[in-house]
Amino acid sequence: MKIGYFVAALAALGTAVSLAGPPVSYKKIQLSDKFYAEGAYYADFNKDGHLDVVAGPYWYEGPDFTKRHEIRPPNAYDPNGYSDNFLTYTGDFNGDGWPDVFYVPYPGGAGYWYENPAGKDQPWKKHLALKCVGNESPMWADVNGDGRPELIYNIDGYLGYATYDPAKPDDLWTFHPVTPKGSYGQYTHGIGYGDILGNGRIDLLESNGWWEHPAVEKAGEPWAFHPFKFADAASQMYVYDVDGDGLNDVIAVWHCHMYGLNWFKQVRDAKGQITWEKHVILPSQPDLKSDALRISQMHAMDLIDINGDGLKDIVTGKRFWAHGPHGDAEPNAPAVLYWFELKRDKEKGVTYVPHQIDNNSGVGTQVTAVDLNGDGIPDVIVGNKKGVFVFLSQKPAP
């Protein structure tokens, strides 16, 4: 790829991209070549002090991930179709101190959590959590400040979040709508969270705007909506102070089945009214005749400090065969996985430096970055139609 063209093109669009050698490299480990799920996550399932990986029906023991354990009956799917598991999250859902697994279903399906047998060699008990989970990118965060993560998603025309009570593990989780009834459907694209106002409260985002978390939540009373088109069809959306000016900005894919990656600078006028200034990282309408860097179908994204410089970087890539080998933009292009290094400079402003992690894995509807091997550098976990992968960071030579 002609990186010089890529730099020039993005500079013309308002975002500078500088060049630098990648400060970290990755060792690729393929845990499976079967299509079990389009998401993967982590927890210390056996409480041995090492983080493990969960993807589809299995969890894999860290730190080498060579030994796997069955959580639920395995079912490998045809990559031309879909699995029953779009994302995966973990939490202690029954309060026994052992991490359990929640499987985000195919959009519109029922969501179940599986109970960790607490070190015993026996099947994981299945519990119904939610009868129907919509959206293609549900997220996992502590929205209400109770110290536990909640599932952020939409259902029956509403956007909101679901809470669980570890003291009542057999009860269904409770959905808390934050919007009036609208057109949210099972396949809605784009969802996010973060503190837009800097007041310590978690607001919710969607492709067409953000919902302001009130000082006091009242059941049945919608949050205030602030319209703005952050995306045509986003994946996960993040709130972060990209440029370091003290105001939180928004990072979002423009269309998760096509192209485009942007960050939106928060700007306030003298009265405190918020507007947003768009900055392009990857264009939504790339020149397909050039060999400049472009990534189609960025259907998953994570935000984390990869290189330890105190700035959060973007991890994303191509979702392989989101709609099979003939659907969407460039379905058979290399399934790349990238991290975009955030840099701040007084003269150049914000720059993002692209670093390729891999070109034959990509992402699913989820990509997870976390320090699995304890070296202080985040690793990357992927579950998708190509299989299950772990990318372990390798510290650069001194």
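Colleague: Leaving aside neighbours within four places in sequence, which residues is Gly91 in contact with?

Modeller: Gly91 is in contact with Trp98, Pro99 and Asp100, once neighbours within four places in sequence are left aside. Contact means heavy atoms within 4.5 Å. Two notes before we go on. This is a predicted model: local features need pLDDT of at least 70, side-chain atom pairs count only at pLDDT 80 or more, and totals for chains, interfaces and linings use all residues. Residues are numbered from 1 along each chain as its sequence is written, and side-chain values use heavy atoms, with hydrogens and water left out.

Gly91 sits in strand 6. Strands are DSSP runs of E, at least two residues, numbered from the N terminus. Gly91 has a relative accessible area of 12%, so it is buried. Buried means under 20% relative accessible area, exposed over 50%, and partly exposed in between (1.4 Å probe, protein chains only). Further along the chain is Pro166, 75 residues away from Gly91. The C-alpha atoms of these two are separated by 9.9 Å.

Now the whole strand. Strand 6 covers residues 87-91, and five of the five are buried, so the rest of the structure largely encloses it. Leu87, Tyr89 and Gly91 point one way. Thr88 and Thr90 point the other way. In a regular strand, side chains alternate between the two faces of the sheet. Strand 6 pairs with strand 7 (residues 100-104) in the antiparallel sense, over five bridges. Two strands pair if DSSP finds at least two bridges between them. Asp100 of strand 7 stands opposite Gly91, and Asp100 is also on the contact list of Gly91.

Six of its six residues are buried, so strand 11 is largely enclosed by the rest of the structure. Glu150, Ile152 and Asn154 point one way, and Leu151, Tyr153 and Ile155 the other. Strand 11 runs antiparallel to strand 10, joined by four bridges. Met139 has Ile152 of strand 11 as its bridge partner. Strand 12 (residues 158-163) also runs antiparallel to strand 11, and five bridges join them. Here Asn154 is partnered with Leu159 of strand 12. Strands 11 and 12 form a hairpin with two residues between them. Asp156, in that turn, has a positive phi of about 55°.

A pocket is found on a 1 Å grid over the protein atoms alone: an open set of points where a 1.4 Å probe fits, with protein on both sides within 12 Å along at least five of seven lines. Lining residues have an atom within 4 Å of a point. The largest pocket holds about 450 Å³ of space. Volume here is the space filled by probe spheres set on the points, with grid points joined across faces, edges and corners. Its lining has 18 residues, and those nearest the centre are Met139, Tyr193, Tyr238, Asp302 and Leu303. Two or more lining residues come from each of strand 2 (41-43), strand 10 (134-141), strand 18 (236-240), strand 22 (301-304) and strand 26 (367-370). Strand 18 gives the most, with four. The lining has 13 nonpolar, three polar and two charged residues. Nonpolar takes in Ala, Val, Leu, Ile, Met, Phe, Trp, Tyr, Cys and Pro; charged takes in Asp, Glu, Lys and Arg; the others, Gly among them, are polar.

Next, two side-chain pairs. Arg319 lies in the loop between strand 23 (313-317) and strand 24 (337-345). Its relative accessibility is 1%, so Arg319 counts as buried. Its side chain makes a polar contact with the side chain of Glu38, at 2.8 Å. A polar contact is a pair of N or O atoms within 3.5 Å; within protein, one must be able to donate a hydrogen and the other to accept it, and residues adjacent in sequence count only if both atoms are side-chain atoms. Asp375 lies in the loop between strand 26 and strand 27 (379-384). At 18% relative accessibility, Asp375 is buried. Its side chain makes a polar contact with that of Ser393, at 2.8 Å.

Last, some backbone points. The peptide bond from Gly62 to Pro63 is cis, with omega near 10°. Pro63 lies in the loop between strand 4 (58-60) and strand 5 (68-70). Phe65 is found in the loop between strand 4 and strand 5. Phe65 is not a glycine, yet has a positive phi of about 65°.
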